[in-house]
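Good morning, and thank you for joining this meeting. I would ask you to look at the structure on the screen while I guide you through several of its regions.

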Amino acid sequence: MTASPPAAASKAISLPLLLGVLGVVYGDIGTSPLYALRAALLHFSADGIERWEILGLLSLIVWALILTVTVKYVTFILRADNKGEGGILALMALAQRVAGSDRSRRIVMLLGITGACLFFGDGVITPAISVLSAMEGLKVISPAFEPLIIPGSVVILVALFLVQFRGTHSIGRIFGPVMALWFGTLGLLGLIEVIQEPEVLTAISPHHAIAFCLHYRLAAFIAFGSVVLAVTGAEALYADMGHFGRRPIQLAWTFYVLPALALNYMGQGALLLSDAKALENPFFLLAPEMLRLPLVVLATVATVIASQSMISGAFSIARQCVQLGFLPRLVVRHTSDTEEGQIYLPQVNFALLAGVLILVLSFHSSDHLAAAYGIAVTGTFVCTSALAILVFRRQFRWPAAAVAAVFVPLLVIDAAFFASNVLKIPEGGYVPLVLGAGLFIMMHTWKRGRDLLFSRFRQDSLPLKSFLARLPQSRTIRVPGIAIFMTSQADYVPGALLHNLKHNKVLHERVIFVTVLNEDIPQVGPERRREVMELASGIHRVILRYGFQESPHIPRELEALNQDGVPYEAMQASYFLGRETLVAAVVPKMSHWRQWLFTLMSRNAVPATEFFRIPSDRVVELGVRVAI
C-alpha cells in the first residue's frame, strides 16, 4: 500500500497498471479458493455431503462475492476517497470532519482505531493461513510429504519477513504477471470441471442459498463464518485505491478477478458433485495429477504475494497511526528513492513475524486457522460500513432514504458475518480479538496520554506573545548561530528555550520555532507545506504540515527557507529538543497501569532526531519533568 498524489484516482488505464492491481490489490482474496469452500463444507461433512448442500454453499459464496465485494466496495465504498486515498483511517478522517459533536468525533475515532487494530490482526493471520494452505497441497501429491508442511511454511515465512528491508520495488515487478497467471489458472481449472458438470451453474441462483439457510437455520448461520473466507482481502480494494486509482481496481475485479474466482469455486463444486471424496482438498484435486506439483509451486508463490501485500499494508497503516497520533514514533526506513510509499518498519516487521510463527506452530493447519481468520476481517467490514453511512449522508449529501437503502442491508450482512465468527472465538477466533484489544488499549492510552501532556504544557508554558513582548527589555545576550526549537505548541515558548535561557543566559541571533502538524489528508501539497512568519527581529516561526501518508524531513524543509526570504545555513544550525520525564501528578488523570503503559511507550519511542531525520551531531537535549 503505497502513497500517491490525489490524481491517482484519475490515472490512465494501461496494462502495467492493471497488472499492478492484480499483484497488490487482489493477492489476499485471490488465494481464498485454496481453503474457503472446503472450510464451509466441513461443517456438514459428518454424514456425507448432498448435492443441494454443495449448491447452497456455493450460492452463498457467489453472492458474498457479489454483495460484499462488487456492490459494497467496488460500487460504493471506492467513491469515498480522501484526496485520492482510501482505507479505514482515511475514511475515519472523512467521517470526523462531518461529525456534529465532540462525542460523535470520539465515536468515529474509536471505530477507526478498532478497524485499524483488526487490520493488524488480519495482517498476522493472512501470511500464516495462506502459506499453510498452499503447502498443504503437498499432501495431495503424496502423504509422504506431510511432515514437510510445517517446516516448509516456517522457512518460507521467515525468508519473506527477513527480506522486507530491501523493499518491494524490484520484487513488485513480477507480482502482477504472476497473479495474472494465477487468476488465469483458477478460471481455467474451474471451467474444465464446470463443462463436465454444468448443473453446478444453477448455484448462481440465490434460491439455493435461501433454501440452504431456511433448512439449516442455526447451522447455516454458523457456516457464514466460513463463507466469509471467500471475501477476505476485500478491504484491500479500498485501502490501495490511492496507489492505483478507482477505475483500474473496478475494471480488474469486474472483468478478470471475479469471473476467475467464481469459475474456480464453481469448478470445485462441480468436482464435489461428481466425487464427494474430493473434499480432502477440492482445490488441488481440480488439477490433473501431473500438474499438481507445479500448481503447489504457483499457489505458494501466490500466497507469498498475498502475504507481502498484507505486510506492506501493515507498514502503511502503522505509519498512518503514528502520524495521526495513535502510536509513538516508530523507525520508518524508505526503501525507494522515487516512491514515498515504499517503506520498511523494522519493529512492525518483527512483531508480525513473531505473531505469524506462533500461529503456524500453534494451529498446524489452515483448517484450524480458518476459525481465527474471519473475525478480524468481518470486524473491519462492520467498522467500514458504519463510517460509510456517516460519510455518504453528511459529506456526500445523500438522502437518508438512499443511505438506508444501500448501506443498512450491507451493514446487516457484515454484522451477520461478524456474529457468526463470534461463535468461533473458543476455536481460535480469540486470536485477532486479543491482538486487536491489546493494540486498541495501546493506541487509546497513547492518544489520551499525549492529550494530557499537551494540556499540561499549555498550563505550565509561557505564551509566546508575552515572551516576545518582554524580550527587548530583558537585555538577553544574543550569540552567533541559528537555534532551532522543535515545539508541538506553536503559541507557547518551548521548554527547551526557557531552560537554555535559565542555564546558559544566552539567546542565539537567529531563532526558529518549528512545529510539525499532521493533517487528516494523505498528502500536503508543496504550496501548503511551509508556513513562515517573522515574530521579531531574527525570530521566525515555521509550521510544517504533513499528511498521514508522509514522513517528516525537517532539515530538507529548513534548507528551503532561503526560498522564503529567510537566511538559513545548515552548518550554523543547532537543534534544541526537550526530553520529557513523566511523573505522576498529585491527582493523576490516568490510572496507574495506564500511566505505566504510557511511560513505557514513551521510553521506547524512536528519538525525535531519527524520526524527523535531524543530524544527531547538531542536537542539544534539555530534560523537563512533566506531571500527568
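Let us begin with Ile-554. Leaving aside residues up to four places away in sequence, Ile-554 touches Met-486, Val-514, Val-516, Leu-544, Tyr-546, Tyr-575, Phe-612 and Ile-614. Please keep in mind throughout that this is a predicted model.

Ile-554 belongs to the largest nonpolar core, which has 178 residues. Together with Tyr-26, Trp-182, Phe-183, Trp-253 and Phe-407, Ile-554 is among those that touch the most other members of this core. Which helix supplies the largest share of the core? That is helix H6, residues 102-135, with 15 residues. There is also a second, separate core of 16 residues, and its members include Phe-485, Leu-501, Ile-539 and Leu-622. As background, nonpolar side chains tend to be buried together in soluble globular proteins.

The buried positions are Ile-88, Leu-89, Ala-90, Leu-91, Met-92, Ala-93, Leu-94, Ala-95 and Val-98. Against which helices do these buried residues of H5 pack? They pack against H6, helix H12 (235-239), H16 and H18.

Thr-380 lies in helix H18. Is Thr-380 buried or exposed? Its relative accessibility is 5%, so Thr-380 counts as buried. Beyond residues up to four places away in sequence, Thr-380 touches Gly-115, Leu-118, Phe-119 and Glu-235.

Helix H18, residues 366-395, also meets helix H4, residues 51-76: their axes come within 12 Å and cross at roughly 40°. That angle makes H4 oblique to H18. The crossing of H4 past H18 is left-handed. On the H4 side, Thr-68, Lys-72, Tyr-73 and Phe-76 take part, and they meet Phe-381, Thr-384, Ser-385 and Phe-392 of H18. Sorted by class, this contact comprises four nonpolar, three polar and one charged residues.

Now to H16, which covers residues 292-323 and contains Gln-323. Gln-323 has a relative accessible area of 4% and is therefore buried. What does Gln-323 touch, not counting residues up to four places away in sequence? Its contacts are Asn-518, Tyr-546, Gly-547, Phe-548, Glu-550, Ser-551, Pro-552 and Phe-611.

Finally, I would draw your attention to two arginines in loops. Arg-217 sits between helix H10 (206-216) and helix H11 (218-227). Its phi is near 50°, a positive value in a residue other than glycine. With 66% relative accessibility, Arg-217 counts as exposed. Arg-613 is located in the loop between helix H26 (608-611) and strand S8 (619-627). Arg-613 likewise is not a glycine, yet it has a positive phi of about 60°. At 30% relative accessibility, Arg-613 counts as partly exposed.

That concludes my tour, and I welcome your questions.

Methods:
Residues are numbered from 1 along each chain as its sequence is written. This is a predicted model: local features need pLDDT of at least 70, side-chain atom pairs count only at pLDDT 80 or more; totals for chains, interfaces and linings use all residues. Side-chain values use heavy atoms; hydrogens and water are left out. Axes are lines fitted to C-alpha atoms, for helices over the stretch in contact, and angles run from 0 to 180 degrees between N-to-C directions. Helices (H or I, at least four residues) and strands (E, at least two) are DSSP runs, numbered from the N terminus. Angles under 35 degrees count as roughly parallel, over 145 as roughly antiparallel, 65 to 115 as roughly perpendicular and the rest as oblique. A crossing is left-handed if the near helix is turned anticlockwise from the far one by less than a right angle, and right-handed if clockwise. Contact means heavy atoms within 4.5 Å. Ala, Val, Leu, Ile, Met, Phe, Trp, Tyr, Cys and Pro count as nonpolar, Asp, Glu, Lys and Arg as charged, and the others, Gly among them, as polar. A nonpolar core is a set of buried Ala, Val, Leu, Ile, Met, Phe, Trp, Tyr and Cys residues joined through side-chain atoms within 4.5 Å. Buried means under 20% relative accessible area, exposed over 50%, partly exposed in between (1.4 Å probe, protein chains only).
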